[in-house]
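Here's a quick briefing to skim before you load the model into your viewer. It starts with the overall numbers and then goes through the local spots worth a look.

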Amino acid sequence: MSYYAFEGLVPVVHPTAWVHPTAVIIGDVIVGEGVYIGPLASLRGDYGRLIIERGANIQDSCIMHGYCDTDTIVRENGHIGHGAILHGCVIGRDALVGMNSVIMDGAIIGEESIVAAMSFVKAGFSGAPRQMLVGTPARYLRDVTDEELRWKQLNTQEYQDLAQRCRKGLRETAPLNEPEAHRPRLQGTTAVKPKHQ
């Protein structure tokens with residue numbers, strides 16, 4: 001793992017969390033219980049504090065950073081999609097930030113909200129619970145449906161399970177030259193895609 005102390009501050013990672021070996025964790029970062037941190041994620045606690053609470057996930061190539069004297073927080077069961085950027089913001093409990101979205105300084109995403117993929121949330125935005133936010137700049141479209149929230153929660157559970165699966169079953173290896181006969185498929189997916197996607 002690529003962990004770095006910065007000016008005396010050492011990252012804190014709960015023993016049940018899983019951090020991919022290619023992720024970089026610097027300085028004032030606190031990773032909670034059962035958290036999943038994906039490949040190539042960059043969590044730079046070299047100015048403000050970064051807090052990832054219990055059961056949250058930070059997926060591949062995400063970036064977290066913030067200014068001095070600010071906290072960038074992903075609350076419990078937060079779900080941060082591939083390539084998202086969080087800078088000096090707060091992501092509410094059980095909220096989802098879609099792939100390649102950007103959430104700027106001082107923004108607050110309400111609990112159980114969904115930020116659509118490739119959205120840009122402006123600095124200082126203050127959201128309410130269960131909002132569907134879309135676009136650049138992001139705007140309120142409608143409330144998150146029960147079906148969408150359930151889908152989000154199932155996907156978050158998949159990442160919570162994946163953290164433990166990786167702790168047990170991910171090992172560096174050499175590749176095969178060709179697929180083996182009757183190559184098995186991975187099991188365990190319970191998440192379902194919403195009908196409108």
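The radius of gyration here is taken over C-alpha atoms, and the globule rule is 2.2 Å times the number of residues to the power 0.38. For 197 residues, a compact globule would come out near 16 Å, and the chain has 17 Å, which agrees. Keep in mind that this is a predicted model: local features need pLDDT of at least 70, side-chain atom pairs count only at pLDDT 80 or more, and totals for chains, interfaces and linings use all residues. Numbering starts from 1 along each chain as its sequence is written, and side-chain values use heavy atoms, with hydrogens and water left out.

**Overall picture**

- The chain has one helix and 19 strands; these are DSSP runs numbered from the N terminus, with helices being H or I of at least four residues and strands E of at least two.
- Along the principal axes, the C-alpha atoms fill a box of roughly 55 × 50 × 25 Å.
- Buried residues make up 45% of the 197, where buried means under 20% relative accessible area, exposed over 50%, and partly exposed in between (1.4 Å probe, protein chains only).
- The accessible surface comes to about 10,800 Å², with 55% of that belonging to carbon and sulfur atoms; areas come from the Shrake-Rupley method with a 1.4 Å probe, and for residues only the protein chains shown count as cover.
- If you take contacts between residues at least 6 apart in sequence, 15% of them join residues at least 24 apart; contact means heavy atoms within 4.5 Å.
- There are 19 positive and 22 negative side chains, and the centres of the two sets lie 5 Å apart. Lys and Arg count as positive, Asp and Glu as negative, and His and the chain ends are not counted; each charge is placed at NZ of Lys, CZ of Arg, CG of Asp or CD of Glu.

- A search of the whole structure turns up two aromatic pairs. Rings of Phe, Tyr and Trp (its six-membered ring) pair if their centres lie within 6.5 Å; planes under 30 degrees apart count as stacked, over 60 as edge-to-face and the rest as tilted.
- Trp18 and Tyr36 have ring centres 5.5 Å apart and planes at 25°, so they're stacked.
- Trp18 sits in strand 3 (residues 18-19) and Tyr36 in strand 5 (residues 36-37), so this pair ties together parts 18 residues apart in sequence.
- Tyr36 also pairs edge-to-face with Tyr159, at 5.2 Å centre to centre and 65° between the planes.
- Tyr36 is buried at 7% relative accessibility, and Tyr159 is buried at 18%.

- Most residues other than glycine have a negative phi, and most peptide bonds are trans.
- Thr136 and Pro137 are joined by a cis peptide bond, with omega about 0°; Pro137 is in the loop between strand 18 (131-134) and strand 19 (139-143).
- Glu7 has a positive phi, near 50°, and is exposed, with a relative accessible area of 75%.
- Glu112 has a positive phi too, near 60°, but counts as buried at 17% relative accessibility.

- His65 lies in strand 8 (residues 63-65) and counts as buried at 10% relative accessibility.
- Beyond its neighbours within four places in sequence, His65 has contacts including Arg44, Asp46, Tyr47 and His87.
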